[in-house]
Amino acid sequence: LSMSSGVYLTIKECADTLKVSEQTIRNYIKRGDLKSYKFGTSHRSPRRILESDFNEFIGVNVYKGDSTDEDLQGVEENE
């Protein structure tokens, strides 16, 4: 993987897009749900998320039909 290919997002940009805290994004990364790449060798080096990985992550977690449909079924039945 060459670092010059693709667009990289910051943790803040990802958090803003999903309207969650930056810590939530870090938790996704720590759990292995979202891939990130370290720019530099220091433990303080910034992490970046490849835009295509982020879009795939959103697709899997936000637009996934199974869990959200089950959550909505209870609401529909009660109306």
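## Model and conventions

This is a predicted model, in which local features need pLDDT of at least 70, side-chain atom pairs count only at pLDDT 80 or more, and totals for chains, interfaces and linings use all residues. Residues are numbered from 1 along each chain as its sequence is written, and side-chain values use heavy atoms, with hydrogens and water left out.

## Overall fold

The protein chain holds 4 helices and 3 strands. Their order from the N terminus is β-α-α-β-β-α-α. Helices (H or I, at least four residues) and strands (E, at least two) are DSSP runs, numbered from the N terminus.

Of the 79 residues in the protein chain, 22% are buried. Buried means under 20% relative accessible area, exposed means over 50%, and partly exposed lies in between, with a 1.4 Å probe and protein chains only. Among contacts (heavy atoms within 4.5 Å) between residues at least 6 apart in sequence, 45% join residues at least 24 apart.

## The sheet

The 3 strands form an open sheet in the order β1-β3-β2, with antiparallel pairing. β1 (8–10) and β2 (37–38) stand at the edges with a single partner strand each, so one side of each has no neighbour in the sheet. Two strands pair if DSSP finds at least two bridges between them. The antiparallel strands β1 and β3 (residues 47–50) are joined by 3 bridges. Thr10 stands opposite Arg48 in β3.

Val7 is placed in the segment before β1. With a relative accessible area of 47%, Val7 is partly exposed. Val7 touches Ile49, Leu50 and Glu51, when residues up to four places away in sequence are not counted. The C-alpha atoms of Val7 and Glu51 are separated by 5.5 Å, although the two residues are 44 residues apart along the chain.

Helix α1 (residues 11–18) lies across β1 and β3 and runs at about 80° to β1. Axes are lines fitted to C-alpha atoms, for helices over the stretch in contact, and angles run from 0 to 180 degrees between N-to-C directions. Two packed helices are described by the angle between their axes and the distance between the axes. For α1 and helix α2 (residues 22–31), the angle is about 110° and the axes are 8 Å apart. The two helices α1 and α2 are therefore roughly perpendicular to each other. Angles under 35 degrees count as roughly parallel, over 145 as roughly antiparallel, 65 to 115 as roughly perpendicular and the rest as oblique.

On α1, the contact is made by Ile11, Lys12, Cys14, Ala15 and Leu18, and on α2 by Glu22, Ile25, Arg26, Tyr28 and Ile29. By class, the contact has 7 nonpolar, no polar and 3 charged residues. Here Ala, Val, Leu, Ile, Met, Phe, Trp, Tyr, Cys and Pro count as nonpolar, Asp, Glu, Lys and Arg as charged, and the others, Gly among them, as polar.

Lys19 is found in the loop between α1 and α2. Most residues other than glycine have a negative phi. Lys19, although not a glycine, has a positive phi of about 55°. At 76% relative accessibility, Lys19 is exposed.

Leu34 lies in the loop between α2 and β2. Leu34 counts as buried, at 2% relative accessibility. Not counting residues up to four places away in sequence, Leu34 touches Ile25, Tyr28, Ile29, Ile49, Asp53, Phe54 and Phe57. From C-alpha to C-alpha, Leu34 and Asp53 are 7.2 Å apart in space and 19 residues apart in sequence.

## Aromatic pairs

The structure holds 3 aromatic pairs. Rings of Phe, Tyr and Trp (its six-membered ring) pair if their centres lie within 6.5 Å; planes under 30 degrees apart count as stacked, over 60 as edge-to-face and the rest as tilted. One of the pairs is that of Tyr8 and Tyr37, which is edge-to-face, at 5.9 Å centre to centre and 85° between the planes. This pair links Tyr8 in strand β1 with Tyr37 in strand β2, 29 residues apart. Tyr8 is buried at 15% relative accessibility, and Tyr37 is buried with a relative accessible area of 19%.

The ring centres of Tyr8 and Phe39 are 5.1 Å apart and their planes stand at 80°, so this pair is edge-to-face. Phe39 lies in the loop between β2 and β3, 31 residues from Tyr8. With a relative accessible area of 31%, Phe39 is partly exposed.
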